[in-house]
Number of protein chains: 2
Amino acid sequence: MSTAAIEALGFCAALLTTFCWLPQAWQTIKTRDTSGISLWTQALFATGIVLWLIYGVLIASWPLIGANTVTLALVLIILTMKLRYG
Amino acid sequence: MSTAAIEALGFCAALLTTFCWLPQAWQTIKTRDTSGISLWTQALFATGIVLWLIYGVLIASWPLIGANTVTLALVLIILTMKLRYG
């Protein structure tokens with residue numbers, strides 16, 4: 001497999017694990033149903049994403065910075081809804 | 001900041017975004033309440049983690065392989081519970 005193909009695969013992986021949080025954020029905003037969502041998971045996930053973001057800044061990795069900024073914004077929406085309506 | 005400190009930060013980030021799925025999997029198994037969980041998000045997230053795992057194998061990155069194997073196992077539990085009780 002060529003390096004370009006492998007990098008394209010990594011790019012698809014990053015796109016999926018970033019934008020997959022859009023339907024969850026949208027559903028949570030629309031329904032305000034957060035009963036099945038674990039507060040611990042959302043809080044620890046948001047903390048982990050903040051650390052990935054700092055790590056990305058420190059090693060100057062734009063893919064890490066970009067992906068984790070989008071993910072953090074979506075996860076903070078879900079976490080806020082959980083704290084408000086959970 | 002030293003390289004070792006930066007790598008330790010990345011390691012903490014990976015630990016958090018991997019094991020944060022434990023409380024969600026546990027809660028979902030215990031309560032079978034998946035109403036607030038987006039099926040699209042879980043399906044796309046699981047697909048993304050599979051791609052990260054393949055990418056990790058192709059670039060021979062043990063941290064990627066390890067973290068994504070654990071995450072995939074936990075996310076597949078949540079996805080299975082969503083499909084069964086959603």
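Analyst: Let's start with the buried residues of helix 4 of chain A, which include Ile65(A), Ala67(A), Leu72(A), Val75(A) and Ile78(A), along with Asn68(A), Thr71(A) and Lys82(A). Keep in mind that this is a predicted model. What covers those buried residues? The cover includes helix 1 (3-19), helix 2 (21-31) and helix 3 (39-58) of chain A. Helix 4 itself runs over residues 62-85, and its 24 residues reach 35 Å from the first C-alpha to the last, close to the 34 Å expected at 1.5 Å a residue.

Now for two of those covering helices. In helix 3 of chain A, Trp52(A) and Tyr55(A) are three residues apart, so about one helical turn separates them. Tyr55(A) counts as buried because its relative accessibility is 11%, while Trp52(A), at 21%, counts as partly exposed.

Helix 2 takes us to the other chain. A search of the whole structure turns up eight aromatic pairs over all chains. One of them is Trp21(A) with Trp21(B), stacked at 5.7 Å centre to centre with 5° between the planes. Trp21(A) sits in helix 2 of chain A and Trp21(B) in helix 2 of chain B, so this pair joins two chains. Both Trp21(A) and Trp21(B) are buried, and together with Phe45(A) and Phe45(B) they form one aromatic cluster.

How do the chains relate?

Key
Residues numbered from 1 in each chain as written. Chains lettered and ligands numbered in written order. Predicted model: local features only at pLDDT ≥ 70, side-chain atom pairs only at ≥ 80, totals over all residues. Heavy atoms only, no water. Helix = DSSP H or I, 4+ residues; strand = E, 2+ residues; numbered from the N terminus. Expected span 1.5 Å × (residues − 1). Buried < 20%, exposed > 50% of the residue type's maximum accessible area, 1.4 Å probe, protein only. Contact = heavy atoms within 4.5 Å. Phe/Tyr/Trp six-rings, centres within 6.5 Å; stacked < 30°, edge-to-face > 60°.
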